[in-house]
Amino acid sequence: MKSSRKLSNDEVEFFLSSFDNKSNEQTEHSSAHFYEMSDNSLLVAYVKGTNQAARVLVDRLMPKIRSHAYYRLGNIDDAEDVTQETFLKLWKIAPSWKKDNAKVSTWLYRVVINLCHDKHRRKTLYSLDTVSDIVNNSHSSIDKLADKSRQIALYSAMSELPARQRLAVQLRHIDELKNTEIAEIMDLSVEAVESLIARGKRKLIEILEIHKSELGYRYE
Amino acid sequence: MNKTKSKSENYLNDFFESSRYTIPVLKSDLKERILADANEINSSYNSIQIPFLLNDKLKTINGNAVFSSITGLAACLVLGFYIGFTSPDWSEPVATVLKINQIDQVDITDPFFGLELILGDI
């Protein structure tokens, strides 16, 4: 991922005004600068009517949010609906967004977690069969099969964890967020997050031990 | 103990890694749907913002108009009293030119007042 430097509001204004005045060719070239802007600055640019900013924001954050929703719901259609709804909420809140607010990504994670929770409440536990609709980047077909089996086993095991442990483990080990970010998303201290993750992982190991042989593990 | 823990950790990490590698198929129109929402909402902001901007301008104009009218009214009031109580020097020549320096004594209580003017025409 490209590094994002935070731009001040003045810089955003200056950049947007220069963007408006350029010819199409120059505009295409300068659209690359959007990728250097922070998420918050992009949101400010979006509110000022620059749709390119929304595009960059979606490119940057949509895969993470969609992936999170998918691992929570186990169904791609539901996950994509929830992702769309999450971004819809972002566009709606954008004009009243303050730069002192939480990071855009943190806010999106909070929203997607709540939407997934609501969706879960309305439905029974997701079916593992739905997890089959996937693309796998593994090298060989054997690897793909192994990955798929492990993924299904992990889903099954994670569904046995208490909700907060499951969420903390998913955010840390599947979404690959830092503990500080998870603490902010879950509104907990970093120590509490570490404790949740440790307990969750211990329980997962216990559950998955039973399936070791089925999943082709030979070592003790 | 540590060795066992490390093996278990590795074992679990395999599962996490497999889940990360196993990426759901992206439906091609999801991004377009999200961007369509963004455009729609942004255009609604713009259409709402213009009346707001106009409203602000009208409020400014309105504020100025109220101030101007009150100031004008007060000035007229003061000038009116001034002219009423202290007859200015320039009022006499103006009255002479307009021939309004003489005030006719008219008895408006006479019941036949003005009748001769009407009958004179006939």
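Residues count from 1 along each chain as written, while chains are lettered from A and ligands numbered from 1 in the order written. Since the model is a prediction, local features need pLDDT of at least 70 and side-chain atom pairs count only at pLDDT 80 or more, though totals for chains, interfaces and linings use all residues.

**View 1. How confident is the predictor about chain A?** The average pLDDT (the predictor's confidence in each residue, from 0 to 100) is 79, and 70% of the residues score at least 70. Helices here are DSSP runs (H or I, at least four residues), numbered from the N terminus. Confidence is lowest in helix α2 (residues 24–30), at a mean of 48, and highest in helix α9 (residues 179–186), at 94.

**View 2. Meet helix α10, residues 190–209 of chain A.** Its 20 residues reach 28 Å from first C-alpha to last, close to the 28 Å expected (1.5 Å times one less than the number of residues). A:V193, A:L196, A:G200, A:K201, A:L204 and A:L208 are buried (20 or more other C-beta atoms within 10 Å of the residue's own, with C-beta atoms placed from the backbone). They cover an arc of only 130 degrees around the axis, which puts them on the same side of α10(A). On the other side, A:E191 and A:E206 are exposed (12 or fewer such atoms).

**View 3. Now for helix α3, residues 39–47 of chain A.** This one is mostly covered, with 9 of its 9 residues buried, including A:L42, A:L43 and A:Y46. After α3(A) comes A:G49, whose phi is positive, near 100 degrees.

Key
Helix = DSSP H or I, 4+ residues; strand = E, 2+ residues; numbered from the N terminus. Arc of directions from axis to C-beta.
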